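Let's take a look inside this protein. Here are its sequence and structure.

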Amino acid sequence: MTGVELLIVALVVAVASCLQGTIGFGLGMLSAPVVALLDPTLLPGSLVLLAGALTVLGVLRDRTAIDFRGTGWALLGRVPGTVAGALLVAALPPRVLALALAATVLAAVGLSALGWRPRPRPATVAAAGAASGLMGTATSIGGPPMALVWHGTSRARMRGTMSAFFLAGAVMSLVALLAVGSLDGRTLRFAAVLLPAMVLGFALSGVVNSRIDKRVVRALGMTASALGAGLVLLQAL
């Protein structure tokens, strides 16, 4: 990856981290298509590492609003989903994973545009946790299923609960990726280089939270995600 390409990725990670700090998810949806376009072999490990660090910051900021019961049900579903996602990473070549990534993002954007919002019941939350575990481990994009079930809650509760879930989920995904040999020194170095951009984006989200309407930020994030996924599809096909 050239210096210019790395700068582009860092900028996208900063924007994506700001988006996640504002609405509870977005790092994977916005960043993964760009990384996949430039070097798919760095996925999903590098972004799972960044997501783990980002969710720590999110949990610390919104800890008083976390729905721990809902997080527990989601994590119950996350375990089998994480195992399935790790097996996919080990079995599929990077090009196929890139296609899966693009399809995942486009499907998530489509569901959001259609306005589907399931109720956050235990069975629904557990099912969303399983889908998030599979998608998050295989493609580094695990936010959309959880956003669908927690969309109707307050912004602070949605952010805090999703951060708690993604923190535990990131640890599970990292353990699974280590078990199948999908994390290496190159992936770790790439994540470390992008860490300052992630921290900067999260810091900016504090300003965005108080000044920009949530619907505007969400619409921008979904639009950018769809465009990024479209580029990945063009390259892979």
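A cavity here is a set of grid points where a 1.4 Å probe fits but cannot get out. In this predicted model, that rule gives 4 cavities of 30 Å³ or more.

The largest cavity holds about 230 Å³ of space. Its lining has 21 residues, and those nearest the centre are Ala51, Ser140, Gly142, Gly143 and Phe166. The top contributor is H8, with 4 residues. Here is where those helices run:

| Helix | Residues |
|---|---|
| H7 | 143-150 |

By type, the lining of the largest cavity splits into 9 nonpolar, 11 polar and 1 charged.

Is Pro144 buried or exposed? With a relative accessible area of 8%, Pro144 counts as buried, because the cut-off for buried is under 20%. Leaving out residues up to four places away in sequence, Pro144 touches Phe25, Met29, Ala108 and Met135. Val105 lies 39 residues from Pro144 in sequence, yet their C-alpha atoms are 8.4 Å apart.

What about the nonpolar packing? The largest nonpolar core has 45 residues, and the members touching the most others are Val13, Leu50, Met146, Trp150 and Met162. Beyond its neighbours within four places in sequence, Leu50 is in contact with Val13, Leu27, Ala191, Leu194, Leu195 and Met198. There is also a second, separate core of 8 residues, among them Val48, Ala170, Leu174 and Leu183.

Definitions and conventions:
Residues numbered from 1 in each chain as written. Predicted model: local features only at pLDDT ≥ 70, side-chain atom pairs only at ≥ 80, totals over all residues. Heavy atoms only, no water. Core = buried A, V, L, I, M, F, W, Y, C linked by side-chain atoms within 4.5 Å. Buried < 20%, exposed > 50% of the residue type's maximum accessible area, 1.4 Å probe, protein only. Contact = heavy atoms within 4.5 Å. Helix = DSSP H or I, 4+ residues; strand = E, 2+ residues; numbered from the N terminus. 1 Å grid on protein atoms, 1.4 Å probe; cavity = no way out; pocket = protein on both sides within 12 Å on 5 of 7 lines; lining within 4 Å. Points joined across faces, edges and corners; volume = space filled by probe spheres on them. Nonpolar A, V, L, I, M, F, W, Y, C, P; charged D, E, K, R; others polar.
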